[in-house]
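Morning, everyone. Please have a look at the structure on the screen, and then I'll walk you through it.

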Amino acid sequence: MHQNILRTIPSVNELLESSEISKLTGLYPRQLIVTAVRDVLEDIRQSLANKTNEMILPQPADLSPQKLYPLVHRALQQKFCGIEHAINATGIILHTGLGRAPLAEEAAKQIQNVLKSFCTLEIEKVSGRRGSRYHSIEQLVCLITGAESALVVNNNAAAVLLALDTLAACKEVVISRSQLVEIGGSFRMPDVMAKSGAIMVEVGTTNKTYLKDYENAITENTGLVLKVHQSNFKIVGFTETVDLKDLVSLGHARNIPVMYDLGSGALIELQKYGLPCEPTVQESIKAGVDVVTFSTDKLLGGPQGGIIAGKRKFVDLIKKNPLTRALRVGKLTIAALEATLRLYLEEEHVLNKIPVLKMILTPLDAVEERCKRVVSKLGSETKASMNISIISGFSEMGGGSLPGEGIPTRLVSLYSEKTNTEELAARLRENIPPIFTRIEQDHVLLDMRTVYDEEVDVIAVALDRIASQS
Ligand SMILES: *Cc1c(COP(=O)(O)O)cnc(C)c1O
């Protein structure tokens, strides 16, 4: 019987020329399609030869291009998944898997306009002399935050490493036990400290640290007092932490610099808009901190980067560290970050133009409106084959910002008798562009807070197509 099936396996060329597989031309380079077709046919031959893994064979053994198309498509997606536009219906605003902060239109345009040809990355227009690539970012950061000096590097992890390496290599760094954070599985404060050559001196307990704990820990070998924002977790109950202002007074009295790793780097006060408080860069600078470090692709809403800002004396030392060259950012980052920071010069622009902030602040009825639009665009076949409803739930900030503070949202909830929930979510991910959702209690949920207006129709079309194929 296997022999008979073997004879029905189409040739690579037959498949490539079929109208089904031709649909992939234009979406993928021909060379990749040919490889995927070969691989799929080889898999089928193998499984027939071994009489194992027959699951991958379409049942009954129908090897028509129509049946093989999904296998080829899946192979292409699995093997050659490059970076592509995706629809984020997870409701996690800063989703590291989906690229953290999406860029503002202005930032994306700036990359287009400036980088297609030569640009003034490191040159002074007026004198024609060599300049600094950091100049524009530094000016903007100082203007927005009140810092004396600033520098941008590859990400906040690099910013912390570089600052510690400069200010505290071979010296003791005093830090509260409650602030030894791990972010995203790979940034662990004790490990970064070890890598920089600093000697960690933990003070206080998990829940309570007092000013006297810091005072008692300072020795002649202390290089730095470090505060770290508990970005992605919360300690509740009987807790005690020391205000930045008090740490700054202590540091200055003992002639020891004080650094604050802020993580998210909010540049606007979120509580003004009814959101939970996230410490801003401005208030840290105002409190007199010597150095702050923060990400540019979290709440700030720009490209990946890490900013070191603060007193000129210390930031200048950091700039001179040879590691700075190893951690420097490229022109893509500078173009996008400059355009993003410029929006912060006018607060109403920030709220309308920076996608991360726009998404957090989208009113509930606007999110509900998007849900209704998806449902109203669905074909009758889809509505008949799926249980579709609009439900309430919570979006998440993600990216280690505002932990445990869900943002009320509305979601489209889907349940199909015919297609199991995991499979339905997988089919949505196979869409072009892929649609990422979340699954709760055996339902696929589409959180419309993180979906762009122009993506609403794309979701409806994808659901209609999936319903018609199941
Ligand atoms: C996110 C975060 C980091 C790491 O920042 P990246 O930009 O992801 O490298 C470091 N410290 C804190 C407190 C953070 O929240």
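I'll go from the whole chain to the ligand, then to the core, and finish with some local details.

Two notes before we start. This is a predicted model, so to speak: local features need pLDDT of at least 70, side-chain atom pairs count only at pLDDT 80 or more, and totals for chains, interfaces and linings use all residues. Residues are numbered from 1 along each chain as its sequence is written, and side-chain values use heavy atoms, with hydrogens and water left out.

Now the whole chain. There are 21 helices and 16 strands. These are DSSP runs, numbered from the N terminus: helices are H or I with at least four residues, strands are E with at least two. Taken along the principal axes, the C-alpha atoms fill a box of roughly 85 × 50 × 50 Å. The chain has 470 residues, and 49% of them are buried. Buried means under 20% relative accessible area, exposed means over 50%, and partly exposed is in between, with a 1.4 Å probe and protein chains only.

On to the ligand. How many residues surround the ligand? The count is 13, and the closest are Arg100, Ser231, Asp261, Ser295 and Lys298. To be near, a residue needs a heavy atom within 4 Å of the molecule. By class, this shell has four nonpolar, six polar and three charged residues. Here Ala, Val, Leu, Ile, Met, Phe, Trp, Tyr, Cys and Pro count as nonpolar, Asp, Glu, Lys and Arg as charged, and the others, Gly among them, as polar. Helix 8 (156-168) and strand 9 (258-263) each supply at least two residues of the shell.

Look at the oxygen atoms of the ligand. A polar side-chain atom of Arg100 lies 2.8 Å from one oxygen atom of the ligand. A polar backbone atom of Asn156 is 3.0 Å from an oxygen atom of the ligand. For a polar backbone atom of Ala157, the distance to a ligand oxygen atom is 2.9 Å. On its own, the ligand has 380 Å² of accessible area, and the protein covers 95% of that. Such areas come from the Shrake-Rupley method with a 1.4 Å probe; for residues, only the protein chains shown count as cover.

Stay with Arg100 for a moment. Arg100 sits in the loop between strand 2 (92-94) and helix 6 (105-115). Its phi is near 50°, a positive value in a residue other than glycine.

Next, the core. In soluble globular proteins, nonpolar side chains tend to be buried together. A nonpolar core is a set of buried Ala, Val, Leu, Ile, Met, Phe, Trp, Tyr and Cys residues joined through side-chain atoms within 4.5 Å. The largest one has 87 residues, and Leu226, Val292, Leu341, Tyr344 and Ile360 touch the most other members. Helix 8 gives the most to this core, with eight residues.

Last, some local details. Cys170 lies in the loop between helix 8 and strand 4 (172-176). Is Cys170 buried or exposed? Cys170 is exposed, at 59% relative accessible area. The peptide bond from Ile432 to Pro433 is cis, with omega near 0°.

Finally, one pair. Arg410 is in strand 13 (residues 407-416), and Glu368 is in helix 18 (residues 364-377). Their side chains make a polar contact at 2.5 Å. A polar contact is a pair of N or O atoms within 3.5 Å; within protein, one must be able to donate a hydrogen and the other to accept it, and residues adjacent in sequence count only if both atoms are side-chain atoms.
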